[in-house]
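Please look at the sequence and the model shown here, and follow the paragraphs below with both in view.

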Amino acid sequence: MKKFAVVAAMATAFLGSTSAYAVDLEVTHWWTSAGEAAAVAEFAKVFEAETGNKWVDSALAGSGTGANPVIISRIIGGNPMGATMMNTGRDAEELIQAGLMRDLTDIVADLDIDSFYVDQDLLEPCRYEGGLYCLPVNIHSWDWLWLSAAAYEKIGQPVPTNWDEYVASWPALQEAGILPFGLASGWPINGIPGVLMAGIGGSDLVLKINRDKDPEAVRSPEFRKVAEALDALRKVTSPETMVPSFGDVGNQLLEGTAAGNIHGDWLAGDLQIAGGVPGEDYECLPGLGFGTQLTGGGDSFYFPKLPEGTDQAVLDAQAQLARILISPEAQLNFNMVKGSMPIRTDIDLSGANACMKKAIDLLGNGLLPSGDFSLSSDTQQQLQDLDLEFFADESITVDDYIERRAEIVAQAD
Amino acid sequence: MTMTASMTGSAPVSQANEPRGPRPKPFFTPKKIMIYSTLIFFSLYFLFPLYVMVATSFKTMPEIRFGSIFALPNQINFDSWVRAWSTACTGLTCNGLAPGFWNSVKITVPSTIVSIFIAAINGYALVNWRFKGSELFFAVLIFGSFIPYQVMLYPLVMITRELGIFGKLEAVILIHTIFGMPILTLLFRNYFASLPQELFKAARVDGAGFWRIFFEIMLPMSLPIFVVALILQITGIWNDFLFGAVFAGTHNQPMTVQLNNIVNSAQGTPEYNVNMAATVLTGLVPLIVYFVSGKLFVRGVAAGAVKG
Amino acid sequence: MADIAVRTGEGAQTVSRPNFLKKTFLKNLPAKIAALPMIATVLVVFIGCTIWTIYYSFTNSKLLPTGKFVGFEQYERLFTANRWNVSVSNLITYGIMSLVLTLALGFLLAVLMDQKIRFESAFRTIMLYPFALSFIVTGLVWQWIMNPTLGIQGAIRSLGWESFTFDWISNPRMVLFALLIAGLWQGVGFCMVLMLAGLRGVDEEIWKAARVDGIPTWRTYLFIVLPMMRGVLITAVVLIGSGIVRLYDLVVALTNGGPGISSEVPAKYVVNYMFSGGNIGQALAAATMMLITVLIIVLPWAYLEFGGKGKRA
């Protein structure tokens, strides 16, 4: 208790000491889409209003090709930013182990974060040898089937309520010249197998494969169903009908030129900005309409250790930002715009839209570990390569796919 | 120079084959028509993307979505140019490309000067002051030009960190000097080798040293090759994305970084007109350099690259 | 990396015989001092980084170069990785097509430009300007031109020719040609300028002799002039070749490796596994394979160029 009091005093001292003059704090992230930028602006607003410091925004488009090399090399090169966003998961585990990240334990000690984090598993990737090195700021889930109200109006059918009904509607959609499944080229494919796995295969299968890395689970009949669903999907999509970005798929859904899409909940942010209303213009089905649990991932903030001799005011600003990011006000404002779920249980979400409310209900059942959490970036990259190849090349049979996936899982770390 | 003799056959002299004859000829010979139509065909291939970029940048979004890629804009609309230059957003900052433009200038000017100066000295030393192993160093240098940049990123971050310049302009200047060195050195070496060696020897006899000969004899004769080097470096450095973003530091992010952000952001509705305007704006500096220096550039290439 | 440079310095100092020292070290001293940046670049960056790359390709390093020695494990995985094999075969296909076509078109255009034509400088400017644009720009604009719905295909179909198809960019079998169209657009002009310079550098006497002997123009170009342009050809091949091996930006901007993995290239494999994949060991094993390939291609040339002493003009 005594320790707690000291820490609390220190924390207040941080907040008090910097009001004298403002400093710049550089924050890197790859939130550059319209919805994402609007969301990150909410963080910046709260930070600047409460501390008087300046949020220097360094956005870099493209997580893998644009931002990642820059963020990692800058941290390694000794020119770190004040804070950086990365995916919640194991992408930065080595940076933490190498001692390049600031330990946040003392900074948030008085906040009792254990009491309000939705799911303790979220913090797992941030913990290392008793320290706390990152703060998840939201929960994103891939597990959504988005359906276009306009498309189903055109063919005169009710909007499906689960995956099976959706698949059954494909012939009618194709007859009407509507794309059954809208898809953006590139990375959006990567999330789809995981969603099918959770929705069709169920929670047990996800745990066996992602957590236990059991190759036999990949060879099981349950996973075969998943692979077959993926096979069905690749047959109704073609590179020709793919659009450049996932936001374009959102537009297709609103226009009714595509009937459905599997994509993460951040699509909601773009649908919202494009003027779509959930329940009217589009429908969202968590876990493909079957699942009772969502696979959780999301974004976390890391605070790199700043070089010796850095102005104390900047270090204080880092600490302030860390506390603000998980504060109720910032959490609410940010997540409402981002379309993600807040990491706090104690905030009023009555303003949430229909989709987010569904997600909040499912959160009570706990989160399933997503690939980001349980698989190394290396394994994820291998799975991604395989999925991309399978999706584009129909000469790869379902059996080949299962076997190759099982081999990767067998060697996964 | 003697190979023509061996090619000499007993074929009769043919009047039809007189390509380089200085005499004026009627313009519309079948041969001319073929030459010009081929050249025009290729010119269309080269010009079409430029047309698409410029035309699209003047269009409005509905025009783009519903119109043809070949169509001229209905009216000249500068909105997207203004937006690309001054208000397009990168995350939270909505200052367009303008700040990046000045950062790119800050990076390009010193990097170009330093890299060319060093490469010129290399070429000069390789030709006129050979030392043991100098050709070997040169061979490795050429080999180095084949190594993908990205492979070197990690060790270079470590090197610049140890030198204490990571994240500063010095680092990016160093990196551009290193990666410009192989091809520039090749050009300068070839160029200096093509200069009459008598001048150099005469200067040596007069007792002039390494630097004096370089500054007083070699440099004044090297304008054409300097123009080639300038063009290669200005375009190369201006167009660089990776090194600028990684090494130059937060306050010096080049224009290409903002271009990348503008065009690669997964915006709900991609604004192709703004993208294209931004693209043309970013390419403008190297383009102007080319258009202005066309003749000199060709002369320089001719002088530098021909002699091997 | 720094210790390599230090060691070299020591090496130079430990040479004790004064005569030898004087001969090898002090001779041409200003030239050696002036060449120090080059020597340092070669030793520290090109050789040093290559050794670094090879060394860490035998470790199981993940995001940071800290891993343990694992022998050829990374290579075993590399050779069985489908994506790597596809990347290599893509690079070979693309590389051969690109090298041959760039040289051939560059030469053809240079010959045409050499026919005392009008508007020569206009044609030259038109052909050369794409070289000033970055691959990102090149990729972007061609991606758009070849986009099946918004680009040429869509425009021609909307004119009434419904069956017109130009979908190379989204067709796994044709995507390398899409890449080629964009790559040639960017690179042919420069090759043309080099070749033209080479043609102009050929002695007028040769032409006179060829005319006297009655050799047809095209034969003179192909069999007499072309072989004389050795310097230009070497410069062109080095430039084009190094561009091909390093091919990365254009692919990222134009296709990002798609559809599926049908336009993946080795450099992209290296970058993906180095950063997004966080597996330096694997990335550097791939990089080492690229280096070895380059070495195999460049060594014979280097031997020809530098092996025979005093051969150069």
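Thr255(C) sits in the loop between helix H14 (249-254) and helix H15 (266-276) of chain C, where helices (H or I, at least four residues) and strands (E, at least two) are DSSP runs numbered from the N terminus. This is a predicted model, in which local features need pLDDT of at least 70 and side-chain atom pairs count only at pLDDT 80 or more, while totals for chains, interfaces and linings use all residues. Residues are numbered from 1 along each chain as its sequence is written, and chains are lettered from A and ligands numbered from 1 in the order in which they are written.

Thr255(C) counts as buried because it has 27 C-beta neighbours inside 10 Å; a residue is buried if 20 or more other C-beta atoms lie within 10 Å of its own, exposed if 12 or fewer, and partly exposed in between, with C-beta atoms placed from the backbone. Leaving aside residues up to four places away in sequence, Thr255(C) touches Ile169(C), Val175(C), Leu179(C) and Ser263(C), where contact requires that the C-beta atoms of two residues, placed from the backbone, lie within 7 Å. Gln186(C) is 69 residues from Thr255(C) along the chain, and the C-alpha atoms of the two are separated by 16 Å.

In chain A, helix H13 (residues 246-255) is largely enclosed by the rest of the structure, because nine of its 10 residues are buried. Among these buried residues of H13(A) are Phe246(A), Asp248(A), Val249(A) and Leu253(A). Just after H13(A), Gly256(A) takes a positive phi of about 85°.

On the scale of domains, whose bounds come from an automatic or database domain assignment, chain A has domain 1 (2-140 + 297-343) and domain 2 (144-295 + 362-410).

Between chains, 24 residues of chain B are in contact with 34 residues of chain A. The elements giving two or more residues to the chain B side are helix H7 (149-163), helix H12 (242-247) and helix H13 (255-264) of chain B, and the largest share, four residues, comes from H7(B).
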